[in-house]
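I opened this entry to keep a record of what I looked up in the model and in what order. The sequence and structure come before my notes.

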Amino acid sequence: MKKKMILAVLALGFFASSCSNDDDNTSSVDSNLTLNLDGLEALGDDFVYEGWIIVDGSPVSTGTFSSVDFPQTFSVNSEQLEVATTFVLSIEPAVDSDPLPAATKILAGDFSGALASVDSNGIVANFETATGSYILATPTDADDTNEESGVWFLDNSSGSAVAGLDLPTLTEGWKYEGWAVLDGTPISTGTFTDPTLADDNATTSVFKGDAGDGPSFPGEDFLQNAPAGITFPTDLREATIVISVEPSPDNSPAPFTLKPLAHAVPSDAAVHTTISMGVGPTAVVSGSVTRN
């Protein structure tokens, strides 16, 4: 049943001709739809959350919000709410002329009676079996005295480099992003969708050295053009390495709420040696939606 719900929700972008709006309402009577969600973060000025109910296979907006304090209650057409099968939460541009849900959907769940239990597992990805590893190294310069200033998500324990991240494929509207958190400041290593390939900024990074682009896996050398308050080269020992899941397009230069993998680099970590990551602080967002 859940698989069918996910497939139906992912197909919402194709319902342009049948998308409902307030003009389609057959009754002026409204009922309450109450959201009680856990784990969401504020999106900033450029994006908002928008709720949707699925009525006869088509999405009907239940309203937008930016506050992440819950519960929140919305007035929704009673007839449509009564027959709704599914609730979906998407991330939308704050100024949005498109009446359809964006590709970036973060929560979904089917109604059972008055209640829908919603989560991100099916609509973003399920990270229960996600694992990761990385090495400290700076392959993009010719200096071997600053190897603690780079992090690469690969596993070289067998003698040959292979992908260090075992991650599920994300649905449309999402990307992975690596981070090194230095003295409380998160610095991106780049975004990617395939952990077996280089990240999106492999050839254009302003942080890497001038001797090449590095291995064909996600990662970064922090060697030049440091952000304000940070000095490069640096020492990533005792920093925290994070893999997050980001909306695409992104809403913020900071990590998003979904962080399935993380690890504090040991103070005595050896360079060019595989280090295993652990479970991150937030692998799923969830909650409940009630109609009455």
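The notes below go from the whole chain to single residues and their partners.

**Ground rules.** I worked on a predicted model, in which local features need pLDDT of at least 70 and side-chain atom pairs count only at pLDDT 80 or more, while totals for chains, interfaces and linings use all residues. Residues are numbered from 1 along each chain as its sequence is written, and side-chain values use heavy atoms, with hydrogens and water left out.

**Whole chain.** I looked up the secondary structure and found two helices and 20 strands, where helices (H or I, at least four residues) and strands (E, at least two) are DSSP runs numbered from the N terminus. The C-alpha trace spans about 70 × 35 × 30 Å along its principal axes. Of the 292 residues, 49% count as buried, buried being under 20% relative accessible area, exposed over 50% and partly exposed in between, with a 1.4 Å probe and protein chains only.

**Charges.** I recorded 9 positive and 41 negative charges, whose mean positions are 9 Å apart; Lys and Arg count as positive and Asp and Glu as negative, while His and the chain ends are not counted. Each charge is placed at NZ of Lys, CZ of Arg, CG of Asp or CD of Glu.

**Salt bridges.** I took a salt bridge to be a side-chain nitrogen of Lys or Arg within 4 Å of a carboxyl oxygen of Asp or Glu, and the count by this rule comes to five. One of them joins Lys259 and Glu41, with the closest N and O atoms 3.7 Å apart. Lys259 lies in strand β17 (residues 259–264) and Glu41 in the loop between β1 (30–38) and β2 (47–55), so this pair ties together parts that are 218 residues apart in sequence. Lys259 counts as buried at 16% relative accessibility, whereas Glu41 is partly exposed at 28%.

Glu148 and Arg237 form another salt bridge, at 3.9 Å between the closest N and O atoms, and I noted that Glu148, Asp235 and Arg237 are linked in a network of salt bridges. Asp200 and Lys175 meet at 3.0 Å, N to O, which links the loop between β14 (185–192) and β15 to strand β13, 25 residues apart.

**Glu177.** Glu177 lies in strand β13 (residues 174–182), and its side chain makes a polar contact with the side chain of Ser188 at 2.5 Å. For a polar contact I required a pair of N or O atoms within 3.5 Å, one able to donate a hydrogen and the other to accept it within protein, with residues adjacent in sequence counting only if both atoms are side-chain atoms. Leaving aside neighbours within four places in sequence, the residues in contact with Glu177 include Phe192, Val242, Glu246 and Asp250.

**Thr257.** I placed Thr257 in the loop between β16 and β17, where it counts as buried at 4% relative accessibility. Its side chain reaches the backbone oxygen of Gly39 at 2.6 Å. Beyond four places in sequence, Thr257 is in contact with Gly39, Glu41, Thr282 and Val285.

Technical notes. Contact means heavy atoms within 4.5 Å.
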